[in-house]
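The following paragraphs guide the reader through one protein structure. Please keep the sequence and the three-dimensional view at hand while reading.

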Amino acid sequence: MTIIGQIEKLRKEHLGSLTVLCGEDVGQYQIAKDLLLRQVDFDPADLGFAYFDMSEADYSQVDLDLVSLPFFSDEKVVILDYFADLTTDKKRYLTDDELKQFEAYLENPVETTRLIILAPGKLDSKRRLVKLLKRDGLVLEANPLKETDLRQYFQKELGRLGLNMDGDVFQYLLVKSNFEFAEVSKNLAFLQSYKGQNLITMADIDSAIPKTLQDNIFDLTQLVLQSKIDESRQLVRDLRLQGEDEIKLIAIMLTQFRTYLQVQLLREQGKSEPQMVAELSEIMGRKVNPYQIKFALRDSRYLSLGFLKKVVKLLIETDYQIKTGVFEKDYLFDLALLKISSI
C-alpha cells in the first residue's frame, strides 16, 4: 500500500501519539502532506491545534505546547513542520541542548498530545532521535514508487476521476510524465479538465499536457535531422528564453543519441527488446524502462550506426569545448546543430 492509501485511512479521532511523514520524493511528499493535514481536519484557527515551522520556531514555545494540557478538548494536535534536524539534510535549526530536550519528551510523551512531525527528506537513521521515532511512531515515507506500484495506484486514480483511456495511452501518459508521482498527478488533472469522461487518446495527451524539456529536445533533434534549420533555431531561441542552458541541452541530446546508438548496436547483434532492456539495465546500474527502448528503436530505425557514432562524438566534443570555454557556448551549440544536419 502506498503512503497515500495509508494516510487516507487516518482520522483525527484515531490518531496515534506520534506520526511522522518524511521522504525523498518531493512531489509525492507534498501531496501526502496536504492529504494528511486534511485527514486530521487541520485548521490554524482551531485552538485544538498547535503548528510550528521548525525553521523559525522558538523551541521553548514548542516544548511548552508539547507538555501543556489541552484547554478545549480531551486531546490536542501539535504539528512540527520542516523538521530538517531529523533528516540527512545539512540544515540545522535546533541546538544540541534543544534536541536533547526534544529527545527527553519522546522518551516520556504527554498522553493528551498527538504529535505530527513533517520532515521532507530522508530520515537520518544514525541519530538516536530517529531511532526513537521509528520505535514509537507511525513513520510514513514518501519514497519513489516502484513502477508496478505507481501503475497500480494511478490505474485506481483513473477510475476515481472517471477518466477513460486504453492501456497504450496510459503507458504513454506515464512515459510523458517520466514515471514521477507528482507529474502523473498533475497531468491527470490537466486531462480531467481537458476531456472529462470522454475517451482520451495520445493526441489528447500531447495537446493537454505541457511539453517537457525532453519533449522539446526530441522535437529539436527531429528538426535538425530533417535539416529544418530555421525551425530548429527558433526552438533553441525559445528554450534560451525559458532559461535553459546549452550544457543542459547538450547533455539531454547526448543521452538521447547515445541510447539510439546502444539499441542499434544491440539490434545488430540480434538482441530482442527484452534482452536489450536487461543488458542496458546492467550497464547503467538501474532498471531501464522497456518503453524507453521501444521508442528509441522506433525513432532511430532510419539512422545508420556510422551517423550515430559521429553525432555522439560531436556532442561529446562540443560539451568539452563549452565547459573549457573554447568559444561562447551559444555559438558552439548552434554550430553543433549545423554539423549534425550536414553529416
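Where is the place of Leu47? Leu47 sits in the loop between α2 (26–39) and β2 (49–53); helices (H or I, at least four residues) and strands (E, at least two) are DSSP runs, numbered from the N terminus. The model is predicted, with local features needing pLDDT of at least 70 and side-chain atom pairs counting only at pLDDT 80 or more, while totals for chains, interfaces and linings use all residues. Residues are numbered from 1 along each chain as its sequence is written, and side-chain values use heavy atoms, with hydrogens and water left out.

Leu47 is exposed, its relative accessible area being 62%. Here buried means under 20% relative accessible area, exposed over 50%, and partly exposed in between (1.4 Å probe, protein chains only). Together with Phe71 and Phe72, Leu47 makes a nonpolar surface patch of about 460 Å². Such a patch consists of residues with over 30% relative accessible area and no salt bridge, nonpolar side chains (Val, Leu, Ile, Met, Phe, Trp, Tyr) being joined within 5 Å and like charges within 9 Å. Accessible areas come from the Shrake-Rupley method with a 1.4 Å probe, and for residues only the protein chains shown count as cover.

Rolling a probe the size of a water molecule over the atoms shows where empty space is left. On a 1 Å grid over the protein atoms alone, a pocket is an open set of points where a 1.4 Å probe fits, with protein on both sides within 12 Å along at least five of seven lines, and lining residues have an atom within 4 Å of a point. The largest pocket has a volume of about 1,500 Å³, a volume being the space filled by probe spheres set on the grid points, which are joined across faces, edges and corners. Its lining holds 40 residues, of which Val175, Asn178, Gln214, Asp215 and Gln292 lie nearest the centre. Among the elements that give two or more residues to this lining are α7 (167–176) and α14 (290–299), but the largest share, seven residues, comes from α12.

The second largest pocket holds about 330 Å³ of space. Both α1 (3–8) and α6 (147–161) supply at least two residues of its lining, and α6 gives the largest share, six residues. Glu157 and Arg160 are among the lining residues.

Which residue forms a salt bridge with Glu157? The partner is Arg160, with the closest N and O atoms 2.8 Å apart; a salt bridge is a side-chain nitrogen of Lys or Arg within 4 Å of a carboxyl oxygen of Asp or Glu. Glu157 and Arg160 are separated by about one helical turn, because they are three residues apart in helix α6. Glu157 counts as buried at 13% relative accessibility, whereas Arg160 counts as exposed at 58%.

The whole structure contains 23 salt bridges. One of them joins Arg128 to Glu103, the closest N and O atoms being 2.6 Å apart. Arg128 lies in helix α5 (residues 128–136) and Glu103 in helix α4 (residues 96–107), so the pair ties together parts that are 25 residues apart in sequence. Arg128 is partly exposed, at 44% relative accessibility. Both residues also belong to a network of salt bridges that links Glu103, Glu107, Arg128, Arg135 and Asp136.
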